[in-house]
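Okay, thanks everyone, I'll keep this short. Let me put the structure up and then walk through a few spots in it.

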Amino acid sequence: MSAQMKRRTLLLGAASALTTATLASACRGTSRPRLEVRFLEQSLPLRIIRVFRQEQAQPITPKLNFEADVQVASLFRTLQIWQSTKPPQPPLWRRWLPNVPQPQPPDLFTLGDGWLQAAIAQQLIQPLFLDDLPGWQRVPAPWQQLVRRDAEGQPDAAGPIWGAPYRTQPLIVAYGERAVRALGRAPESWADLWSPALAGRIALPNAPRLVMGLTLKKRGESVNATAQFTAPLVQSDLTQLLAQTRVFDSSTSLKALVNEDVWVAVGWSGDVGAALRRSRSLQGCFPAEGTIWTSDLWVRPIGLKTDTTLATQWIDFCWTNATARQIGVFTSGLSPVYLQSPGSASDAPEPIDNPLLLPQDTDAVAQSEVLQPLSPDETNALTAAFERAVPASS
């Protein structure tokens with residue numbers, strides 16, 4: 001046999017072995033169900049993942065992979081990268097071999113509700129089919145409405161479901177001992193932020209939508225009353241609030257409170273809870289006028305063709321009473337099933353003792369709301385309101 005024929009025989013043999021190995025690997029990969037989940041760190045107690053694994057152990061143990069990420073922003077960016085990156089062209093010598101599957105995005109992904117509109121409009125995610133799940137019937141109407149959107153990400157009561165809310169956090173007030181001394185009592189409402197005693201000692205998130213929302217709540221309005229953005233009384237209140245606020249920074253406002261650069265700071269319960277654990281001199285309150293909820297959602301990246309059975313089982317598992325309690329006790333958030341209207345369900349999760357999440361003032365909870373996305377015109381009105389309200393010296 002010539003040297004050329006030997007080389008050809010060797011190449012064909014290697015190709016055959018590679019083809020066989022590839023097919024065998026593919027068979028092994030599909031021999032049992034799988035679920036890949038990428039979630040926001042500390043939004044889930046790890047013990048509920050262990051329980052779900054145990055419940056799925058029979059008759060065939062599925063391949064379950066849960067991976068945490070530290071920021072919602074980085075999760076959203078990862079979604080964008082998956083949709084924008086094209087697989088590299090293989091070298092010429094491999095193009096005649098069977099295609100090797102490219103790495104796939106996970107079946108489910110954590111996304112904050114504030115990113116939902118962009119994810120839909122940019123075609124990064126696909127709808128979920130949850131209407132028949134028992135847990136979906138226990139999700140309160142505002143959260144169901146939050147995730148029903150049209151193809152542009154705008155609210156649509158008849159639209160598909162784009163996300164599954166599994167954890168929600170309230171916007172609350174954190175304060176130190178100096179605030180108590182200045183007011184003569186502990187802060188208890190949004191209205192306290194307008195007190196002259198706190199002038200120059202307030203930290204707010206760098207989020208105009210939230211600042212406008214708490215201004216509306218202070219006046220007894222809905223946070224989604226977008227027609228009120230430019231109302232004279234709302235404009236006056238907004239101007240006063242901005243004039244006596246010292247810090248506008250979502251990432252450093254609580255640090256300023258710990259350092260006593262400010263006496264009061266507004267933040268999400270997760271961030272406030274972490275600050276309270278670091279400094280025992282700090283306290284917090286769930287405002288009496290009601291607050292704003294933000295939610296972590298399960299979403300499904302677009303283009304996935306994998307079976308959804310395990311994914312829907314996991315979503316429904318997150319809405320069970322046992323899981324809801326675990327989320328409420330071991331994270332700084334709350335399962336939305338805790339916020340069902342009284343008497344709307346025959347069973348409810350076991351109560352949790354956390355006044356920053358579920359205060360005894362049930363009216364404050366009932367008056368709290370989720371934020372709906374703004375239209376371009378509403379966004380322009382919000383921007384104009386802040387431009388008029390910013391102090392001249394800023």
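So, keep in mind that this is a predicted model. I'll start with D192, which sits in the loop that runs between α6 (177-183) and β6 (202-204). Is D192 buried or exposed? It's buried: the relative accessible area comes out at 6%, and the cut-off for buried is under 20%. And what does D192 touch, once you leave out residues up to four places away in sequence? You get L183, R185, P187 and L198.

Next up, L241. This one is in helix α8, residues 232-243. L241 is buried as well, with a relative accessible area of 0%. Skipping residues up to four places away in sequence, the contacts of L241 are L193, W194, L204, V211, L214 and T215. If you want a distance to go with that, take S195: L241 and S195 are 46 residues apart along the chain, and their C-alpha atoms are separated by 9.2 Å.

Last stop, helix α12, residues 321-330. Which residues are buried there? T323, A324, I327 and G328. Those residues cover an arc of only 135° around the axis, so they end up on the same side of α12. And what do the buried residues of α12 pack against? Three elements to look for on the screen: α2 (46-55), β5 (164-175) and α11 (309-318).

Methods:
Residues are numbered from 1 along each chain as its sequence is written. This is a predicted model: local features need pLDDT of at least 70, side-chain atom pairs count only at pLDDT 80 or more; totals for chains, interfaces and linings use all residues. Side-chain values use heavy atoms; hydrogens and water are left out. Helices (H or I, at least four residues) and strands (E, at least two) are DSSP runs, numbered from the N terminus. Buried means under 20% relative accessible area, exposed over 50%, partly exposed in between (1.4 Å probe, protein chains only). Contact means heavy atoms within 4.5 Å. The arc is that of the directions from the helix axis to the C-beta atoms.
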